[in-house]
Amino acid sequence: MKRSICFLLVLLSLMTFWIPVDAQMAEASGVDDRYGMFSSEEIEAISAVAAEESQRAGCSLYIATFRVPRGLSSTEAQYTGEMFLTRHGLSKSDDLVLLVVTYDENKSEYFYNLYTYGKATKKINDKEVDYILDHDDVWAIKEGFPASGCQAFLRLAAKGYLGRLGASYLKIAIISFVIALTFGLIVCGTVYASYKQKQKSTQYPLDRYAKLELTESADRFAGTFVTKRVIQTGSNGGGGGSSHGGGGGHRGGR
């Protein structure tokens, strides 16, 4: 009897320990909408895409939301990738891609930031990061359609992880070379044909019908002009990235 009671107590203890963990991991899977940005139908749709693309790519894909409350700036109140990792018991060595979508209540606008950890940091290069962040379907987040934009992001992130996103530099170089070579041959052919046509024309005999005699020579010094120009050595920066977000794993934002 005592053994049965002890076994029951141990079983209850294990259940008490595992239930919060399972609930926490379920919350981390796909969508962490702790700020109520999406409806229940939108969460279901995004989670389905996240599960499908995560399985296809072999990498965990996540969406997290955040709100900047009134009276605070986006630098004073922000949700970073490291905060997400801590919240869900994950580490920087885990293979995952995260998009944090933020709504600024002061400016009534959306912005988003991309984070990569583990193998995803190398598998998704900077060119692919910019391609994903600037894609029209993902840009829909900034236009007030975060649900559809997040689904587009998940699909593009999976393609980027698998190395199937955009044209490769080799293909671009080959196509550019072929186009340049074609135009170069056309120009050279035109110039050569024009030159040959001039060569076939009658040459005017200058030595027989014209002569040149130098009757006057003079040198005139007109003056000098000095122009000065100040060259800026500093740089004001550039690019179309976002000033929001940061921390370890941050790859860019819009």
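F66 counts as buried, with a relative accessibility of 8%; here buried means under 20% relative accessible area, exposed over 50%, and partly exposed in between, using a 1.4 Å probe and protein chains only. This is a predicted model, in which local features need pLDDT of at least 70 and side-chain atom pairs count only at pLDDT 80 or more, while totals for chains, interfaces and linings use all residues. Residues are numbered from 1 along each chain as its sequence is written, and side-chain values use heavy atoms, with hydrogens and water left out.

A search of the whole structure turns up 4 aromatic pairs. Rings of Phe, Tyr and Trp (its six-membered ring) pair if their centres lie within 6.5 Å; planes under 30 degrees apart count as stacked, over 60 as edge-to-face, and the rest as tilted. Y35 and F66 make an edge-to-face pair, 5.1 Å centre to centre with 80° between the planes. That pair links distant parts of the chain, as Y35 is in the loop between β1 and α2 while F66 is in strand β2, 31 residues apart. Y35 is partly exposed, at a relative accessible area of 28%. Ring pairs also join Y35, F66 and Y79 into a cluster. Helices (H or I, at least four residues) and strands (E, at least two) are DSSP runs, numbered from the N terminus.

## A tilted pair, and charges over rings

What is the geometry of the Y62 and F84 rings? Their centres are 5.3 Å apart and their planes at 55°, so the pair is tilted. Y62 counts as buried at 9% relative accessibility, and F84 counts as buried at 0%.

Two lysines are worth a look as well. K123 lies over the face of Y161, at 5.3 Å from the ring centre, and the charged end of K142 sits over the ring of W139, 5.7 Å from its centre. A charge sits over a ring if NZ of Lys or CZ of Arg is within 6 Å of the ring centre and within 35 degrees of the ring normal.

Helix α2 (residues 40-57) has 18 residues and, at 1.5 Å a residue, should span 26 Å; its end C-alpha atoms are 26 Å apart, which agrees. The expected span is 1.5 Å times one less than the number of residues. Seen down the axis of α2, its buried residues fall within an arc of 130°, so they line one face of the helix; the arc is that of the directions from the helix axis to the C-beta atoms.

Those buried residues are I46, V49, A50, E53, S54 and A57. They pack against β1 (31-32), β2 (60-68) and α7 (146-161), with contact meaning heavy atoms within 4.5 Å. The face turned away from the buried side carries the exposed residues S40, E41, E44, E52 and Q55. After α2 comes G58, with a positive phi near 75°.

## Strand β4 and its partners

In strand β4 (residues 109-117), 8 of the 9 residues are buried, so the strand is largely enclosed by the rest of the structure. Strand β3 (residues 96-104) pairs with β4 in the antiparallel sense over 9 bridges; strands pair if DSSP finds at least two bridges between them. The two form a hairpin with 4 residues between them, and S108 in the turn has a positive phi of about 55°.

β4 also pairs with strand β5 (residues 250-253), again in the antiparallel sense, over 3 bridges. N113 of β4 is the bridge partner of V100, and G253 in β5 is the bridge partner of N113.
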